[in-house]
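Biologist: I would like to learn how to read a fold from its features. Can we take them one at a time?

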Amino acid sequence: MRSILMLFLITLVLTAPCCCEGDTTRPLDDGVKITRESANAFMRRQKRSYPYYERYYEMFKTPLEMKQERCEHYAPCDYYAERVGFHTAYAYYFGHA
């Protein structure tokens, strides 16, 4: 078993320089280039909804989001929320869910 393992390691060491030969001066981000049309075949852009509807949600936060921020700003609640979950921690420290 050891002889097979040693033979494998020696073969690996001897073949590594041959396999790893390459142009090391080429930048790594010089990868595959594809056209915009072929990229759109599998990547679809998310369509926007009405602009006024989006602005409304940017200005106002949901009640759950406000509760989460309240818990995040109170260090013991934030620590407890990481352990048992947000709803349990909020109910424990602020008394209501």
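Biologist: How many disulfides does a search of the whole structure find?

Modeller: One. Bear in mind that this is a predicted model. The general idea: a disulfide is a covalent bond between the sulfur atoms of two cysteines. Here the pair is Cys-71 and Cys-77, with their sulfur atoms 2.0 Å apart.

Biologist: Is the disulfide of Cys-71 and Cys-77 left-handed or right-handed?

Modeller: Read the torsion about the S-S bond. For Cys-71 and Cys-77 that torsion is about -95 degrees, so the disulfide is left-handed.

Biologist: Is Cys-71 buried or exposed?

Modeller: The cut-off for buried is under 20% relative accessible area. Cys-71 is at 2%, so Cys-71 is buried. Cys-77 is buried too, with a relative accessible area of 0%.

Biologist: Which residues make up the largest nonpolar core?

Modeller: In soluble globular proteins, nonpolar side chains tend to be buried together. In this model the largest such core has seven residues: Cys-71, Cys-77, Ala-81, Phe-86, Ala-89, Tyr-90 and Phe-94. Two elements, α5 (75-84) and α6 (86-94), each give two or more residues to this core. The largest share, four residues, comes from α6.

Biologist: What is Ala-81 in contact with, leaving aside its neighbours within four places in sequence?

Modeller: Three residues: Cys-71, Phe-86 and Ala-89.

Biologist: Now α6. Which of its residues are buried?

Modeller: Phe-86, Ala-89, Tyr-90 and Phe-94. To read a helix, look down its axis. The buried residues of α6 fall within an arc of 100 degrees, so they line one face of the helix. They pack against α4 (63-73) and α5.

Biologist: Which exposed residues does the face of α6 turned away from its buried side carry?

Modeller: His-87 and Tyr-92. Look just past the helix as well. Just after α6, Gly-95 takes a positive phi of about 85 degrees.

Biologist: Let us step back to the chain. How many helices and strands are there?

Modeller: Six helices and zero strands. Along the sequence the pattern reads α-α-α-α-α-α.

Biologist: What part of the protein chain is buried?

Modeller: Buried residues make up 7% of its 97 residues. The accessible surface comes to about 9700 Å², and carbon and sulfur atoms hold 61% of that surface.

Biologist: What share of the contacts comes from residues 24 or more positions apart?

Modeller: Take the contacts with a separation of 6 or more. Residues 24 or more positions apart account for 9% of them.

Notes
Residues numbered from 1 in each chain as written. Predicted model: local features only at pLDDT ≥ 70, side-chain atom pairs only at ≥ 80, totals over all residues. Heavy atoms only, no water. Core = buried A, V, L, I, M, F, W, Y, C linked by side-chain atoms within 4.5 Å. Buried < 20%, exposed > 50% of the residue type's maximum accessible area, 1.4 Å probe, protein only. Contact = heavy atoms within 4.5 Å. Arc of directions from axis to C-beta. Areas by Shrake-Rupley, 256 points an atom, 1.4 Å probe, with all protein chains shown as cover. Disulfide = S-S within 2.5 Å.
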